[in-house]
4 protein chains.
Amino acid sequence: MNSKGWEVYFSERDKQHNQLTGKKEPNGFGECPALVLIDIYYSVLGTNREPIFESMRTWPGSTGMEGWAAVDKTAELVKVARENGIPVIHVKGLQSGIKPWIHRKSRPSTLSEEQRLKGYEIVDEVKPVSGELVIEKSAPSAFQGTPLLFQLVSLGIDTVICCGETTSGCVRASVVDGATHRFRMGVVEECVFDRTEASHWMNLYDMNQKYADVVQLDAVKQYFNQVGKTVTI
Amino acid sequence: MNSKGWEVYFSERDKQHNQLTGKKEPNGFGECPALVLIDIYYSVLGTNREPIFESMRTWPGSTGMEGWAAVDKTAELVKVARENGIPVIHVKGLQSGIKPWIHRKSRPSTLSEEQRLKGYEIVDEVKPVSGELVIEKSAPSAFQGTPLLFQLVSLGIDTVICCGETTSGCVRASVVDGATHRFRMGVVEECVFDRTEASHWMNLYDMNQKYADVVQLDAVKQYFNQVGKTVTI
Amino acid sequence: MNSKGWEVYFSERDKQHNQLTGKKEPNGFGECPALVLIDIYYSVLGTNREPIFESMRTWPGSTGMEGWAAVDKTAELVKVARENGIPVIHVKGLQSGIKPWIHRKSRPSTLSEEQRLKGYEIVDEVKPVSGELVIEKSAPSAFQGTPLLFQLVSLGIDTVICCGETTSGCVRASVVDGATHRFRMGVVEECVFDRTEASHWMNLYDMNQKYADVVQLDAVKQYFNQVGKTVTI
Amino acid sequence: MNSKGWEVYFSERDKQHNQLTGKKEPNGFGECPALVLIDIYYSVLGTNREPIFESMRTWPGSTGMEGWAAVDKTAELVKVARENGIPVIHVKGLQSGIKPWIHRKSRPSTLSEEQRLKGYEIVDEVKPVSGELVIEKSAPSAFQGTPLLFQLVSLGIDTVICCGETTSGCVRASVVDGATHRFRMGVVEECVFDRTEASHWMNLYDMNQKYADVVQLDAVKQYFNQVGKTVTI
């Protein structure tokens, strides 16, 4: 099911509470999934595979080696999705004049224009192939201010499996919205990543408890192989 | 600003990362705030003020004494809002046949019908007065599937201050959506509460870092007193 | 298919244009429909069956005998939907403190409080039975600021058949939103009604041309009988 | 106010009904407007200024000379908006793999690839200048599946003035959504256009009656000149 890596953060009271009301079994997935990859571009990984604090010297938003590990696992899952005809949808930030979602003075970027453009590219390991949708968003959630919902309804999707980053940011926001819209949501434990370890784990706990099944990669591969045979999208 | 109670959850790496990119100063509030109270009803507090595990015997969703402490602080803030003509909007769960946002088999409720109805009432300490809007939702976020946004735009609101529960559930979801819609968001540290301590604190961290200013009660009272004079809603 | 009652409004140019690019065949419906009844309450029909201008003396929003004719036809369709296990969803205006969608000074209502309450009731002919969802809206569209979309996704609905009023108001707005969200939309010609004849017909034309199939009652009954056998909701 | 060009479509009953409940005075505009230009690209105008049926030989979606007349008037208004610091927002169709909003078999396009790209360009007369936002939509309404709402809230906009096409399609859908979200909506009579005359006029009537003020160009220029002095965006 999942590694329960969040338990180390629990107070005694949290442990006791979790025993009483914690989720006992997964909600389960449906028959028509889509795989949604959230914000997997160079600006959050860097162009070289380096530990986070080294990478951050060039790429301040980098997630370091943990990010790259998740990317490699995600590439495995993307392959299985494609083999089974399961739609892969890529989501990334919209580059435009839309005002940001927090009203703060933005610090001048330390990135060069060339870096900025490179940073905005989806990494080669999971980059879109012909026919795959790329959705640009200007909100944390992949659902807000985008046509993602339209596509899911049009395709008859009932289950959305999420990978990407950050666990506590755009992944969390997208998972809440997906559940809100009554899709069955899945989060692949090995395929989401964050800059803050405590946020990563507690958001996995929250999502698993309230909105989604946090599941391990092998289980999702198996699921895709199962439903893939019957998918006719 | 806030108590930074989340720091105890940080790993060494998290501490170092937070020093590099953690939020240094608040985003700031605007000139036309509304106060939004989220899900403050008896079912999450119980009808008696008891510690959480005692209260849960009757009210499985109870937040116990921590919840009641937040309610008392919220009552103070509601008073200041009303004195200053700042709109107070109450949000609670819709009782209807809408399917829940997770597709799981619901366990039969242990509440009697009388309890269920009582549980659905907003607690006396912060209950709506004549002219205050009560919005019923069927999603975690107060913004989804409700007319809350319509009201905020109609009133020219630019800032939304949130109280209620749970920090990691409906408060978090509402704060993300409010920021998404480009409102300046505030979370009152003493006025939000949760069933899980680690979730409470890490969600405060996430919200403060990404979407809102997490602020202390006194600062919000002062803010309401300041803008109240110029509010003409 | 439909009566094409809109053709009398066409200019010569419109006729020629319609011959070139007018819709030639229906888009078609799916396998999992819901029936949505929009704003069928006494305030738009009156409590007596009277011609529109007589009815308007008591009920300024009345649609008169044309409204009642549509209600009777709608009652027939509701019966067929129920027999086939097709979800019937009722939509009506929310009575609350939400600001109206136009910023005009509202004229004081000429209705008594008793009338106002009666006016807000769904008419007996199509009133909800146990287990049917009633959704309250504060926008023209049944989809905006309501959980309608959540319910449709949760039930796996792919087709939404609309009845009610007004053709040019809440029906039109709902049909545009349903199509926007990629549902297959149907409008039952005999079951929608309006206060303005030209608006009624031209909105039917627009909807049929752009967003929906405008179909006759018998065809929808037949459709419900067909898919009803396979619906397992 | 407006030309009331819709009155020729009224039946005797419509005339009588309009006298009783027709809109008597405008709702009025606010202090912070934005100008939104909807779908003004070559594919709906053609690259040459020709009458509609001639233009349609090359550009099947063309609106002909009426479209061009509206474009010229819109260019005048855009100039006044820019002079007064009023935000001009351009909206056009998103070119992507998003499924269309009606589930019909699409006919193979008669446009060459070169034409298709040209058709997708906003016409020179009103094309965006540096700093103006271009929003791409995949729904009739400029508000659905786009960040338009985020931008309006972020800028504190209270009034949205619409130009473009078609009156009965994307303009109408956007106006309904803008009103739904409690913006004060304006439609510039000379600056919206359609392929069907009856649809054009009856949609202007519907919008003016229910959701917006349909106003003439000179009045909007005057309005922009008035509020422009106080706009500080």
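Buried area is the accessible area, taken with a 1.4 Å probe, that two parts lose on being put together, summed over both. In this predicted model, chain D and chain A bury about 1400 Å² between them, and 69% of that area lies on carbon and sulfur atoms. I98(D), K99(D) and F150(D) supply 33% of the area that chain D buries against chain A, more than any other three residues.

**Chains D and A**

The contact joins 18 residues of chain D to 18 residues of chain A. The largest share, four residues, comes from α5(D). By class, this side of chain D has eight nonpolar residues, nine polar and one charged.

Chain D can be laid on chain A with an RMSD of 0.0 Å by a turn of 180° and a shift of 0.0 Å along the axis. The two copies are thus related as by a two-fold rotation axis. Of the interface residues of chain D, 100% are also interface residues in chain A, so the copies meet through the same surface.

**Chains C and D**

Here 53 residues from chain C meet 53 residues from chain D. R13(C), H103(C) and R182(C) supply 18% of the area that chain C buries against chain D, more than any other three residues. Two salt bridges are counted between these chains. In one salt bridge E66(C) pairs with R13(D), and the closest N and O atoms are 2.9 Å apart. On the side of chain C that touches chain D, the elements giving two or more residues are α1 (12-21), α2, α6 (167-180) and α7 (197-210) of chain C. The element that gives the most is α7(C), with nine residues. This side of chain C divides into 21 nonpolar, 18 polar and 14 charged residues.

The table sets out values for the two interfaces.

| Interface | Buried area | Share on carbon and sulfur | Salt bridges | Residue pairs in polar contact |
|---|---|---|---|---|
| Chain D and chain A | about 1400 Å² | 69% | zero salt bridges | four residue pairs |
| Chain C and chain D | about 4700 Å² | 49% | two salt bridges | 22 residue pairs |

**T47(C)**

T47(C) sits in the loop between β1 (33-38) and α2 (52-58) of chain C. The residue is partly exposed, with a relative accessible area of 36%. Leaving out residues up to four places away in sequence, T47(C) touches Y42(C), W59(C) and K118(C). T47(C) and K118(C) are 71 residues apart in sequence, and their C-alpha atoms are 8.6 Å apart in space.

Conventions:
Residues are numbered from 1 along each chain as its sequence is written. Chains are lettered from A and ligands numbered from 1 in the order in which they are written. This is a predicted model: local features need pLDDT of at least 70, side-chain atom pairs count only at pLDDT 80 or more; totals for chains, interfaces and linings use all residues. Side-chain values use heavy atoms; hydrogens and water are left out. Copies are superposed by least squares on the C-alpha atoms of residues with pLDDT of at least 70 in both. Contact means heavy atoms within 4.5 Å. A salt bridge is a side-chain nitrogen of Lys or Arg within 4 Å of a carboxyl oxygen of Asp or Glu. A polar contact is a pair of N or O atoms within 3.5 Å; within protein, one must be able to donate a hydrogen and the other to accept it, and residues adjacent in sequence count only if both atoms are side-chain atoms. Ala, Val, Leu, Ile, Met, Phe, Trp, Tyr, Cys and Pro count as nonpolar, Asp, Glu, Lys and Arg as charged, and the others, Gly among them, as polar. Buried means under 20% relative accessible area, exposed over 50%, partly exposed in between (1.4 Å probe, protein chains only).
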